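Hi there,

Here is the structure I promised to pass on. Have a look at it first, and then read on for what turned up.

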Amino acid sequence: MIVETLAPGVHAIDAPFEDVPLQIYVVEGSRLTVIDPGVPETAAGRLAEGLRELGRRLADVDLVINTHGHHDHRGGNGVVAEHNPDVAIAAHPADAAWVTDTERYLAEEYLRFRPAWEPPAEAVDRIRRLCGADLPVTVELAHGDELDLGGGHVLSVEHIPAHTDGSVALLHRAGKVLFTGDALQARGTPLQRRADFFPNYRHVDEYRRSLDFFAGCGAEIVGTAHTGVCSAHRAAQLVAESRRFADEYAAVIETLLAKAGSATVAELSRATREHYPRYDDGSPLLNTMCAYLADMCAVGTARLDDDRFTWLGTRS
Ligand SMILES: [Zn+2]
């Protein structure tokens, strides 16, 4: 069995791909709803298998919600649409362009630091493949929306623009289940065969605000994408760990820049990985690092050089 029932009509499907742990969520309202169908192979494989355990098929899925526009959350959209061409696709407008346009996603998430830093071409090709087919977003999610799926299942939409600008969390109040997508980063995403992903967020203040929401929302079960299904106690530990890391890295990056005096994004990424050797040199680290550097610029403890990718410390 790969399906775990979290509340009546609310299920998690264990759907790892490559060396990445992943949970896909299903809500059996009168509209059968899938939250984040993963990559093409998880939608065609584990999602289809999990739905079969529930007596359903991919063709029965009425609504797919993408908590954000990353490939491992929306890459399965096209597979679901092959089975039901009328399926509705829901996402926040700030991430909709990534859901509908793979090349724009790659440019804005993976190639945004060019020419100072860019991933190997084969890594970009791999992500392009994992995006699957581009589909239009037919339902735009807004903060405060109450998505009525029928059968007593309502999802409250919380816009939490930190991991990506268009990230949302979904709260199923009746079942006291919270779906976080990738918003609860703790100390990043542990991988089996590669260096771990660094905690990944683009806006530090918004990240802290999202953690406050998680701590106070009253959920008893928290469904994450890559950290499994958590009890309230475990989720509180992850929130605490996330807050600790958010504070800790603010001090680390400030010290690293002060020591360097001036440094490019590639140099600061290397210095960060010397401090935290378990992490991958990738866009998660660079996104988060640049979020902190932007905040330092705002308070005058750093300055961005003319080339856009070199940071100057203003305090030693
Ligand atoms: Zn993500």
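Which residues do ring pairs link into a cluster? They are Phe198, Tyr201, Tyr207, Phe245, Tyr249, Tyr276, Tyr279 and Tyr292. Please keep in mind that this is a predicted model.

Another of them joins Tyr105 and Tyr110 edge-to-face, with 5.7 Å from centre to centre and 85° between the planes. Both of these tyrosines are buried.

Now to the metal. A zinc ion is coordinated by His68 (NE2), His70 (ND1), His163 (NE2) and Asp182 (OD), at 2.1 to 2.2 Å. The angles between the 4 donor atoms run from 90 to 166°, which makes the arrangement irregular. Along the sequence, the donor residues follow the spacing H-x1-H-x92-H-x18-D. His68, in the loop between strand 5 (63-65) and helix 2 (71-74), and His163, in the loop between strand 9 (153-159) and strand 10 (168-172), are 95 residues apart, and the pair links distant parts of the chain. Both His68 and His163 are buried.

Finally, an unreviewed UniProt entry places the feature "domain: Metallo-beta-lactamase" at residues 21-226. That span is 32% helix and 22% strand, and its end C-alpha atoms lie 5 Å apart.

Best wishes

Terms used: Residues are numbered from 1 along each chain as its sequence is written. This is a predicted model: local features need pLDDT of at least 70, side-chain atom pairs count only at pLDDT 80 or more; totals for chains, interfaces and linings use all residues. Side-chain values use heavy atoms; hydrogens and water are left out. Donors are N, O and S atoms within 2.8 Å of the metal (3.2 Å for Na, K and Ca); water is not among the atoms, so sites may look incomplete. Four donors count as tetrahedral if all angles lie between 85 and 135 degrees; four count as square planar and six as octahedral if opposite donors are over 155 degrees apart and all others between 65 and 115; anything else is irregular. Helices (H or I, at least four residues) and strands (E, at least two) are DSSP runs, numbered from the N terminus. Buried means under 20% relative accessible area, exposed over 50%, partly exposed in between (1.4 Å probe, protein chains only). UniProt positions are given in the numbering used here, feature names are shortened, and annotations may be inferred rather than shown by experiment. Rings of Phe, Tyr and Trp (its six-membered ring) pair if their centres lie within 6.5 Å; planes under 30 degrees apart count as stacked, over 60 as edge-to-face and the rest as tilted.
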